[in-house]
Amino acid sequence: MGAALSSVLSSLINQGSCSSRQGLGDVPENCVSTIYMYLDPPEICSLARLNRTFHGASLADFVWESKLPSNYKFLVEKVLHEPPQTLSKREIFASLSRPNFFDGGNKQVWVDKNSGKINLSISYKAMRVTGIDDRRYWNHISSDESSFRTIAYLKQIWWFEVVGELDFELPAGTYSLFFRLQLGKPSKRFGRRICNIDQVHGWDANPVRFQLSTSNGQRAVSECCLREQESWVHYHAGEFTVENHNRLVKIKFSMMQIDCTHTKGGLCLDSVFICPSELKCRLKLFESKCQALIGR
């Protein structure tokens, strides 16, 4: 819909530039605002640069309220720490479309600029990890490969378990939960990314079990052996559905490999990622862009 309307507006722009009597400046501002209701936010921002009328129309609260998630008031209070009525809807959208950290900086939430859907990320620091404070097993590494700037590197352990939970208000819809992991220890040499896989072992002997459950009785379980090395991978733990707007939902999630007949190591643990299921196809593109930015 947005692409089609943009095409129509482009045609109007060309027509207006060829007419000395009538142009886009003659279009009533309220009509432009109504058109904006059918466009994506990036398209609105582009058209707002055309003239004063299009710019003025782009400031209308009802335009941006239609782009915001239904729980935007909750988000404004929780992560922006502002009363929703003190900000315009355009300011709210602009603020929420950037990563916003909360709960001591160990969680972040942002609104997808194109769809208005909510994404969440939870650092390993907000989870219970077996032996995480014991340097015999884990190292905490500063890294620009994580949005939290720190990752945990597992050297070796017998019992591996990561457990976390989140209480959050989400719009109705179906969501997917992923663990972001990497086999191999990343570093840089002469400004170029390298990954040491010497300590990677034990992950192909038995599968890792991923689990999630919600406060309304949903459960999901999946298993897989970790084999892909040297790159970050989002391992799918499962999906859950939110049916009611404006209600807190508690999500519990875990991953474990507790076969104590052998050790496992060489794993980097970053975060858990939650996104609308219709957006999960973008994860590979997201990771490829991240790798390009860090100079792989």
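**Figure 1. Contacts of His-262 in the predicted model.** His-262 touches Trp-158, Gly-202, Ala-205, Asn-206 and Gln-257, leaving aside residues up to four places away in sequence; contact means heavy atoms within 4.5 Å. The side chain of His-262 also reaches the backbone oxygen of Gly-202 at 3.2 Å. That is a polar contact, a pair of N or O atoms within 3.5 Å (within protein, one must be able to donate a hydrogen and the other to accept it, and residues adjacent in sequence count only if both atoms are side-chain atoms). Residues are numbered from 1 along each chain as its sequence is written, and side-chain values use heavy atoms, without hydrogens and water. In this predicted model, local features need pLDDT of at least 70 and side-chain atom pairs count only at pLDDT 80 or more, while totals for chains, interfaces and linings use all residues.

**Figure 2. Setting of His-262.** His-262 lies in the loop between β14 and β15 (267-276). Its relative accessible area is 16%, so His-262 is buried (under 20%; exposed is over 50%, partly exposed in between; 1.4 Å probe, protein chains only).

**Figure 3. Strand β11 and the hairpin with β12.** Strands are DSSP runs of E with at least two residues, numbered from the N terminus. Six of the seven residues of β11 (residues 208-214) are buried, so the strand is largely enclosed by the rest of the structure. Six bridges join β11 to the antiparallel strand β12 (residues 219-224); two strands pair if DSSP finds at least two bridges between them. Phe-210 stands opposite Ser-222 in β12. Four residues separate the strands of this hairpin, and Gly-217 in the turn has a positive phi of about 90 degrees.

**Figure 4. Pairing of β11 with β14.** Strand β14 (residues 248-257) is antiparallel to β11, with six bridges between them. Leu-212 has Phe-253 as its bridge partner in β14.
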